[in-house]
Structure formats: structure tokens, C-alpha cells
Amino acid sequence: MELLSTNVCFGGEHRRYRHRSDALGCDMEFAVFLPPAAVGGAARPVPVLYWLSGLTCTDQNFMQKAGALKHAAQLGMAIVCPDTSPRGLGLPGEDDSYDFGSGAGFYINATEQPWAPHYRMYDYVAKELPQLVEAELPVTDQRAVSGHSMGGHGALICALKNPRRYASVSAFAPIANPMECPWGQKAFSGYLGDDRSRWEEWDATMLIPTARERLPLLIDQGTADEFLESQLNPEALADACEKMHHHINLRMHRGYDHSYFFIASFIDEHLDHHAAALGLR
């Protein structure tokens with residue numbers, strides 16, 4: 001890994017790295033926050049929260065806007081933020097729109113050309129990146145996963161598809177039923193083709209009935225979110241959970257929108273949710 005930058009923050013370190021990804025066939029950048037417990041002379045490995053960001057974001061949005069690092073430092077929790085897609089591959093159409101291609105990998109494994117060789121963000125965030133981080137940085141194999149919007153969708157499917165890989169999962173305003181919304185339909189048809197039966201393994205609402213592990217789902221959603229009705233559909237996920245007796249805590253927050261102001265307002269509660277599962281509280 002190539003260290004790009006480092007900043008002392010709340011007694012810990014915020015770092016940015018670049019590395020070659022075999023899963024994606026390109027160079028990728030990611031950010032990591034190491035709490036004070038993981039740096040310095042008495043450093044010890046700490047658990048990790050993997051944060052998956054939403055459309056158009058990079059590894060830097062959450063680290064700079066969410067206000068999570070002070071509480072993570074107090075809890076002794078590392079945070080890892082990957083990018084949201086490969087970048088600069090020169091694929092036709094990769095930069096034509098904000099919701100497909102660059103910045104919009106959707107945390108799935110593409111099967112359609114020209115995306116299939118590179119747009120395998122699921123393999124990257126669920127397998128390759130944790131293996132790299134755990135081998136090279138002072139962290140344990142205790143993992144939690146969370147995310148926002150497209151990244152909330154990614155966090156949910158990573159947890160639902162991988163029993164016992166994560167101790168906990170949460171999401172802010174996730175795309176909860178992507179098969180049934182314009183963002184998801186555009187991404188899935190482009191990356192996976194038009195056979196909707198192949199989409200189901202990448203839709204959290206569709207995965208609930210066959211989930212082999214039923215981690216409690218903590219989901220926060222703002223009632224003033226401009227995408228609530230057209231794109232997010234948390235009710236579909238809640239209905240699926242109710243039918244299968246899968247615990248979900250869907251919290252609707254009056255007046256909050258889709259922005260990082262919303263995330264910053266409740267991020268400490270999510271960190272506490274994960275800290276309890278990771279044995280930090």
C-alpha cells in the first residue's frame with residue numbers, strides 16, 4: 001500500500017492509501033481512521049467499521065463531513081472508507097451520469113460488458129479490502145458495516161450475504177429495494193443485464209427471506225429526504241423483515257433530509273450500536 005497522506009486527529013490518525021486491486025483490475029484509494037489505541041508505543045489491534053458511501057462520493061466525504069472520528073477515537077474503533085467505484089478506466093459511458101459508472105459502483109459484481117472486468121465492488125469491499133487492511137494495519141478481524149444511500153444498500157447486502165462475517169450492520173437512508181426504483185433499475189440493467197431474476201441476489205428486501213443470519217438492522221431515515229418516495233422505499237424492507245421476524249429498527253426522523261447533516265446528527269448512535277456488537281462497550 002502506498003501512503004498518500006496522514007493527519008493526526010483526536011489522538012489517532014487519519015490516513016489515505018492507494019493500492020492495486022486485483023478484484024477491480026485498477027488502482028484504488030481508500031481512507032482509514034485509526035483510534036489512539038491503535039497507534040503509538042502501546043498500540044494494539046482494534047475492530048473495524050467499514051463505511052460504504054453513496055452516489056458520487058469518494059473515500060473522503062464521510063471522513064470529512066460525518067463527524068464520526070471523535071467518538072470512534074473514544075470507543076477504540078477503526079473506520080475504513082473505500083471509494084464507491086473504479087476510476088479513470090476509459091470505459092465508454094463511465095462518466096456520462098452521476099448514477100451509473102464512476103462514483104456509482106452499487107457494491108455489486110457486474111456481469112455485463114464492458115463493466116464485468118472492473119466493476120466488482122462487492123468482491124472488493126466484502127473480501128479484498130478487508131483482507132488487505134487486516135494484513136497491513138493494526139486491526140482485528142472483528143468487523144461491522146454501515147453506509148448511506150447506495151452505500152446503505154451495500155452495507156445491507158454485504159451483511160445479508162455473508163453470515164458471521166460482520167458483528168453488526170446499520171444504514172442511513174439506504175436504497176432498500178433497488179429492483180423497484182429508478183437508481184437501482186438503471187444500475188442493475190447496465191451492470192447485470194435485463195434478466196430481473198439475476199437482480200434479486202443484490203436487493204436487501206429480496207434477501208431477507210433466505211438470510212442465514214439475522215443480524216438486527218438499525219436504519220435511520222429522514223422524513224424530508226427528497227429521495228424517500230421515489231428511490232429508497234424503506235417500507236418494503238420493513239415489510240419483508242416483519243414477515244420473516246427479522247429484527248429491524250427503522251427510525252423515521254422528522255424534518256431530516258438526505259445530506260451529511262442528517263448523518264452527522266445520528267452517527268454517534270450508530271457507532272454505539274456497532275461498538276456494543278464489537279465488544280467495545
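Is R143 buried or exposed? R143 counts as buried, because its relative accessibility is 16%, and buried here means under 20% relative accessible area, exposed over 50%, and partly exposed in between, with a 1.4 Å probe and protein chains only.

Some ground rules. This is a predicted model, in which local features need pLDDT of at least 70 and side-chain atom pairs count only at pLDDT 80 or more, while totals for chains, interfaces and linings use all residues. Residues are numbered from 1 along each chain as its sequence is written, and side-chain values use heavy atoms, with hydrogens and water left out.

Now the salt bridges, meaning a side-chain nitrogen of Lys or Arg within 4 Å of a carboxyl oxygen of Asp or Glu. The whole structure has 17 of them. In one, R143 pairs with E134 at 2.6 Å, N to O; E134 is partly exposed, at 23% relative accessible area.

Another joins R196 to E180 at 2.7 Å, N to O. These two sit in distant parts of the chain, 16 residues apart: R196 in the loop between helix 5 and helix 6, E180 in the loop between strand 7 (168–172) and helix 5. Helices (H or I, at least four residues) and strands (E, at least two) are DSSP runs, numbered from the N terminus. R196 is partly exposed at 34%, and E180 is partly exposed at 47%.

E112 and R198 also form a salt bridge, at 3.7 Å, N to O. Here the separation is 86 residues, with E112 in the loop between strand 5 (78–82) and helix 3 (121–136), and R198 in the loop between helix 5 (182–192) and helix 6 (204–207). There is also a salt-bridge network, linking E2, R16, R18, E29 and D59.

Which residues form the negative surface patch? They are E229, E235, D239 and E242. A patch takes residues with over 30% relative accessible area and no salt bridge, joining like charges within 9 Å. Helix 8 (residues 234–244) gives the most to this patch, with 3 residues. E242 lies in helix 8, and E242 counts as exposed because its relative accessibility is 62%.

Last, the cysteines. With a disulfide taken as a pair of cysteine sulfur atoms within 2.5 Å, the count is 0. For C26, the nearest cysteine sulfur is that of C158, 17 Å away. For C158, the nearest is that of C81, 14 Å away. C26 is buried at 5%, and C158 is buried at 1%.

How values were computed:
Patches are made of residues with over 30% relative accessible area and no salt bridge: like charges are joined within 9 Å, nonpolar side chains (Val, Leu, Ile, Met, Phe, Trp, Tyr) within 5 Å. Accessible areas come from the Shrake-Rupley method with a 1.4 Å probe; for residues, only the protein chains shown count as cover. Lys and Arg count as positive and Asp and Glu as negative; His and the chain ends are not counted. The place of a charge is taken as NZ of Lys, CZ of Arg, CG of Asp or CD of Glu.
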